[in-house]
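I opened my notebook to go through this structure. The entries below follow the order in which I looked things up.

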Amino acid sequence: QPASAQEEEASESQLGPYIQVGIGTGFGTTVDGSYYGHSVSADGRTVLAGGIGIGYDFGSVRADISVSRGWSYLDNVSVSGYKYDADDNNYVWGVGLGLALDIPTNSKWTPYVHASGGPSWGDNNDDLAWGYGGGIGLTYAASQEVDVYGQVGYNWAPSQTIDGFEADGSG
């Protein structure tokens, strides 16, 4: 069989539905906003997050929906210029929709770009927060059924009011 026919069969066998499982951590995040007219800034980071999702591989484009659970740590808060050590933990649920564009390489390694968005909510919050993300990643075809991937992303949240706090966050 010619090499091109073999490559075509391999790529077609990877098309279709898939399940994804992820675990990760985050770099520092800053949230700036106001609360009843006072300027507020908070620094923290996602300590650990994990999730599971389902998706569909269309070829060079993949689409997925996932649910995640995260643990974030709030280090300090500044209110109207006064800094306080918050030392607080928060646990968050999130639902995300994502799209990835694979960059073909004809090898077991496939770089990609990824965009996502969706709501999240904390155990101590009444309102939903909306966020969006973008990233780059690298997939390794470990076997015909299993791909292993790593991704670096940047997440941001538009200005929004969450439990009376007018927030604008990124990180």
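What pattern does the protein chain follow, read along the sequence? I read it as α-β-β-β-β-β-β-β-β-β. That comes to one helix and nine strands. Helices (H or I, at least four residues) and strands (E, at least two) are DSSP runs, numbered from the N terminus.

Ground rules first. I number residues from 1 along each chain as its sequence is written, and side-chain values use heavy atoms, with hydrogens and water left out. The model is predicted, so local features need pLDDT of at least 70 and side-chain atom pairs count only at pLDDT 80 or more, while totals for chains, interfaces and linings use all residues.

**Entry: whole chain**

I looked up burial. Of the 171 residues in the protein chain, 22% are buried. Buried means under 20% relative accessible area, exposed over 50%, and partly exposed in between (1.4 Å probe, protein chains only). The chain exposes about 11,000 Å², and carbon and sulfur atoms supply 60% of that. The areas come from the Shrake-Rupley method with a 1.4 Å probe; for residues, only the protein chains shown count as cover.

I then took contacts between residues at least 6 apart in sequence; 52% of them join residues at least 24 apart. Contact here means heavy atoms within 4.5 Å.

**Entry: aromatic pairs**

How many aromatic pairs does the rule give? I get four. Rings of Phe, Tyr and Trp (its six-membered ring) pair if their centres lie within 6.5 Å; planes under 30 degrees apart count as stacked, over 60 as edge-to-face and the rest as tilted.

I noted Trp71 and Tyr91, with centres 6.5 Å apart and planes at 20°, so this pair is stacked. Trp71 is in strand β4 (residues 61-79) and Tyr91 in strand β5 (residues 82-102), so the pair ties together parts 20 residues apart in sequence. Trp71 is partly exposed at 32% relative accessibility. Tyr91 is partly exposed too, at 36%.

I also noted Trp109 and Tyr140. Their centres are 4.6 Å apart and their planes at 45°, so this pair is tilted. Trp109 is in strand β6 (residues 109-122) and Tyr140 in strand β7 (residues 129-141), so parts 31 residues apart in sequence are tied together. Trp109 is partly exposed at 45%, and Tyr140 at 29%.

**Entry: salt bridges**

How many salt bridges does a search of the whole structure find? I find two. The rule is a side-chain nitrogen of Lys or Arg within 4 Å of a carboxyl oxygen of Asp or Glu.

Arg62 bridges to Asp102, with the closest N and O atoms 2.8 Å apart. Arg62 is in strand β4 and Asp102 in strand β5, 40 residues apart. Are these two buried or exposed? Both Arg62 and Asp102 are buried. For Asp102 I have 13% relative accessibility.

Asp123 meets Arg69 at 3.0 Å, N to O. Asp123 is in the loop between β6 and β7 and Arg69 in strand β4, 54 residues apart. Asp123 is partly exposed at 42%, and Arg69 at 29%.

I checked what else Arg62 does. Its charged end sits over the ring of Tyr112, 4.9 Å from the centre. The rule asks for NZ of Lys or CZ of Arg within 6 Å of the ring centre and within 35 degrees of the ring normal.

Which residues does Asp102 contact, leaving aside neighbours within four places in sequence? I list Gly59, Ser60, Arg62, Thr110, Pro111 and Tyr112.
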